[in-house]
Amino acid sequence: MNDEANTHYFAMLDQLIEGHQFIENRLGNITVRSGWANDPFGYSPTMAYLLQRSGIQYMAIHRVHYHIKKALAKEKNLEFLWQQTWDRTLSTRIFTHLLPFNAYDIPHTCGPDPKICCQFDFLRGRQSYKNCPWGINPVIIDEKNIQERAELLLDQYRKKAQLYRTSALFIPLGDDFRFRTIEEAKLQFDNYDKLFTYINQQIHWNTHIQYGTLSDYFAQVLQEKSLTEFPSYAGDFFTYADRADHYWSGYFTSRAFFKRMNRIAESHLRAAEVLFSVAHAAVLQGKISSYFPKDDLFTKLIISRRNLGIFQHHDAVTGTAREQVVNDYGEKLLAVIILSQIIMQQSAAYLLFQNRYSIKSQFLLSNQEFQTFESLPIRKFVSFHKNHIIYIYNPTDQRRLEIIKILLHKYQVHVTSNNQTITDCQIDPKWSHRRSNIINENQFELLILIDIEPYSLKEYTIHADTTKRSCPLSTIQYVDEKQIHTNLSTPFKIELIDTKTFEIDNRVFSVIFSKNGAILNVQHKKFDEKLHFHTDLISYGTLSQSDHHSGAYIFIPDGEARFIPIGDYDFIRIQQGPLVSRVLINHKLYGLQYKLTNTSGSNDDLIHVSTITHLDTNKDTELALRLSTGIKNEREIFTDLNGFQMIRRKTYDKLPLQGNVYPMPTMAYIEDDYMRLNIMAGQPSGVACLKTGKSSTCCIFTFEVIDSPEQNHELNKCVVDVFLDRRLTRDDGRGLGQGILDNREVISTFKILFESRHKIADRSAQTGYPTLLAHHLSIEFLYPLHIFNSLASKIFFNELKLFPKPSLFPSDYHLVNLRTLSNNNYNTVQHRPSKSIALILRRFAYDCDENYDKLFHFEQPIFEYFFEVNQIESIEQTSLSLRYRKQKLNSTAKLDVPFAEIVTYKLRLIE
C-alpha cells in the first residue's frame, strides 16, 4: 500500500507491475478487480488512474479529511466515480468506496458508536491484547446472550447503512498486525459464525450477512444500482486532517534525506532498466559473441525493483517509521543504487566493447560513489598520466546540453570527443567539504559542457595539457577580506569585491546581490524585464501542549514563520567562469547556493537554487525556503500530483496555516496573465502559497536596496514556501511513538524557471499544464546523466545510440520504462529474464509555447524505431501492469498514446 503524496508515478507503477507480475508468475491467471488503500494519509487521483488503467474496477479508501467525510455522508455520497480532472471522455473513472468513520479498526467500522463496536472485537480483553478504551470488553457469544448481542450489532450496521445508497453494507474486520495467531482467528470466526447464523435465521430482520471480499461487495452494490446512479468526483484528497486543526502535512517533508535518496534510487533503477533491456536484446540477437551475465544482472534488477517498491510504502517514503526501520529502508535504497550501477556498468560495457567484453574484466566504473546509506554521494577521484576516457550516458528522450563535473588531480587539461577539441570547459577548486572555505590541494573540479543525443553513450577524453588549450580557471571572489585564507597556494585568482553589490549573469539573466547575500535585482534579458524575485530562509516552531504539537505526521506551527537573519553568515563566496557562475552563502544554519549556466541550451533559462541543511539541535525546528515574487496569483498555486499531473490549490483564510500546505513531489508553479514562475524540485516536500500578489505593475518593478528580510517581506506580497527539513523532539500520537531526531545532512535542489505568458490565465480550471520546456527540464532533473570512467585504454565507439532510430521520440512523448520481464519459471533466488520487454510510454499534456515547441518534431514513433523488425516476434498493447491484453499490433504500427496518459506495450523478441 504505497504513499500517494510523496511518490513519483514511475515508482508507483513499477511496484504495481512487480506485484502483478508476481501474481501472474506464482499464482497464475488470477483476476484482480479491487484496490484496498485504507491507510495512506490522503489520496491522489494518479493512483486511481494507475489502478483503473491496470484493469482494476473498484477501490476503497479511508483517510479523508473529517469534514469532507461528514459532508459526503450527509448526502449519501460516500461512494462515487472518481475521474481525472483532465479526462473529457470519462474513460478513467473508477468506482470508489470511502469508509465513513475515523479509523479502520474494528471499533470504528461496524457503526457510528466505537464503544459498542469494540465489544465485537473478540481479541480485546485477553491477556495477549489490550482492553477496550471505553470500559466495556467483549463477551463470548453463547445461547444466553446471542439475541441481545445480535440486536446490538445489527443496530450499528443499520445506522451505518443510512450513509450509503444501497442496502449492501461493507464491514471491515481487522486492524494492523491482526490475525497473526490461530487463537485470534478462532476467537473472531467462532463468535462471528454464531452471530451470522442467528441473524440470518431471523427472517423478520430482513438481513443476510456473510463473509466476502471487497469485489463481492461491489458486485452486490451494482446489482442494486447502476454506476450512472452514483455521483462523480474529480480532484484529490489532500491535505488530510483527522480532527480539529491536526493536519497531516508534516510528512510531506519528514526525513527529507531519504526522500531525496529515493529519487536518486529511482533515477538509477530506470537508467539501469533501459540499458539492461537493450543489452539483453543484443544477446537475443546473437551478433555479439561475448558472454553476458544476464541472469546475475537480472537478479540484481529484481532485487532493486523490490527494494524501491518497499520504500514507496506509506510509512517509508513518508518518513514516519521508527529509526531502526528507517535505517533498514536506507540500506535497501543504497542497494538499489549500487546494484543499478553494477547493471549499468556491465550493460554499457557489453554494448560498447562487444566481442572484447569479458565478465572477468572491469571496463567501466561509475563516477559517483555512495559510501553508506546515510551519507551524501561523492565523486570518484581521477588520476592519470596522459589521458583519461569517460563515457556519458543520456537516459532521457531529448538531446541534452548539460554540464558534468569530474574530480581530477591536475588542472592543466583539455577535453576532446571523437578527436574534436571541446572548448566549453572550466576548472573549479575542490573545497574540503560542501560548506567549507578551504581549498583541497592537488584536487580540482573539471566542468565539461556535454552535447549528447537521447538514449546514447558518448565518449569524452581528458588530456593532460600545459598549453594554452587548457580549460580556463574560475575566479573566486569574497565580500569580506577576513573570509580570504591568505596562506593559500592556489592557481586560482582570488579577489575582494569592493563595491556595495555584486553580480552573476549569463545570456538570459543578470542577478544582482547585496553584500550580505540578498538578491536585489533579477533582470530577464529575453523579456527585457526586471523580475521581482527574492529568497529567504524561514523557520517554524511548534506548540508546547502535550497533545497539540508537530510530529512525524502532523504539522502544527506555533505561529507565522520566523525569518532567519541573513547577516548571520560565515562567508559569502562567488565563483565565476565561462560555463558556471555561482554564489554560496554559508550561514550558521544552512548553505544556500545560486547558480547560472552558460550552455546555449535550456538550462540557461534557469536560476539553480540549492540548500544544504543539517538540523541537529534539541529543538523543534522546521526549515523552509521562501520565494517572494511579484506575480498576482491571488494565493493560488498549481502543484503536481506524483509528477503525473498538476492541480490548482487555493489558500483559504478559514483553514489554519498547516491546512494550506500541500505535497510537491516534483513541481509547482504560480502565474498571472503576464508571467509564470515554475519551481522544479529534485526531491518531494511540502509547499504553500500563503500570501497574494497585489502589485499593480505586473512583473515590471523598480528596485531599491533592501537589507532586511522583514522589510522585503512587506514589499513582496506573493510568497511560496518550500519546506526543506524538520526536526521534532516529540511524538504526535499517530502511531510512531517517537519524534524525528535522526536528521542527516541533506541537499535540496531546485530549478526556477520564468516563462512569459501569452494568454490570460484560466482562473476556473481545476488542472494546469506545464509547458514542454518545463516538462523537459523536470525530466532532466529527475533523470541526470550518468558518468562512467573507462578502464580500457582504447576507444571502440565514440558514440553509441541504444535504438536504431535517432531522435525517436516526439517532444511530447516520454519513455517511462523499458522493462525486461521475468521468465515464468519463477525462482526466488536466481531470476531469469524472458524474451518479453514492457515498453511503457507517457504523452505529456502541456501548455503551448510556440517559440520552444517549434524546435521539435511531433511524429509518432513506430516499434521499428526501438528494435529491428526481424527481431520482433509479437507486439501487444496491454493494461498498464501487463495483466490484461488489449490488442495485437505489428512492427509498423504507430505508438498512439492519448494526451496526458500512459500506455504499456509488451514486445516479445526472437532469439
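**Where two helices cross**

Author: Let's start with helix H5 (residues 146-161) and helix H6 (residues 182-201), whose axes come within 10 Å and cross at roughly 80 degrees. Keep in mind that you're looking at a predicted model. An angle from 65 to 115 degrees counts as roughly perpendicular, and H5 and H6 are therefore roughly perpendicular to each other. On the H5 side, the contact is made by Ile146, Gln147, Arg149, Ala150, Leu153 and Tyr157. H6 brings Tyr192, Lys194, Leu195, Tyr198 and Ile199. Sort those by class and you get eight nonpolar, one polar and two charged residues.

Now zoom out to the domains. The domain assignment gives domain 1 (9-248), domain 2 (380-474 + 783-803), domain 3 (533-692 + 714-781) and domain 4 (810-909). Helices H5 and H6, with residues 146-161 and 182-201, sit inside the bounds of domain 1.

Next, pick out domain 2 and domain 4, whose C-alpha centres lie 33 Å apart. Five residues from domain 2 and nine residues from domain 4 take part in their contact. How much area do the two bury between them? It's about 580 Å², with 56% of it on carbon and sulfur atoms. On the domain 2 side, Asp397, Gln398 and Phe803 supply 77% of the area buried against domain 4, more than any other three residues. As for salt bridges across this interface, the rule finds zero.

The structure as a whole does hold salt bridges, 51 of them. One joins the side chains of Arg399 and Asp451, at 2.7 Å from N to O. Arg399 is in the loop between strand S10 (387-394) and strand S11 (400-408), while Asp451 belongs to strand S15 (residues 439-452), so this pair ties together parts that are 52 residues apart in sequence.

The peptide bond from Phe238 to Thr239 is cis, with omega near 5 degrees. You'll find Thr239 in the loop between strand S5 (232-234) and helix H8 (256-285). The other one is Gln354, a residue other than glycine with a positive phi, near 50 degrees. Look for Gln354 in the loop that runs between helix H10 (323-353) and strand S6 (364-366).

Technical notes:
Residues numbered from 1 in each chain as written. Predicted model: local features only at pLDDT ≥ 70, side-chain atom pairs only at ≥ 80, totals over all residues. Heavy atoms only, no water. Axes fitted to C-alpha atoms, helices over the stretch in contact; angles between N-to-C directions. Helix = DSSP H or I, 4+ residues; strand = E, 2+ residues; numbered from the N terminus. Parallel < 35°, antiparallel > 145°, perpendicular 65-115°, else oblique. Contact = heavy atoms within 4.5 Å. Nonpolar A, V, L, I, M, F, W, Y, C, P; charged D, E, K, R; others polar. Domains from an automatic or database assignment. Buried area = accessible area lost by both parts, 1.4 Å probe. Salt bridge = Lys/Arg side-chain N within 4 Å of Asp/Glu carboxyl O.
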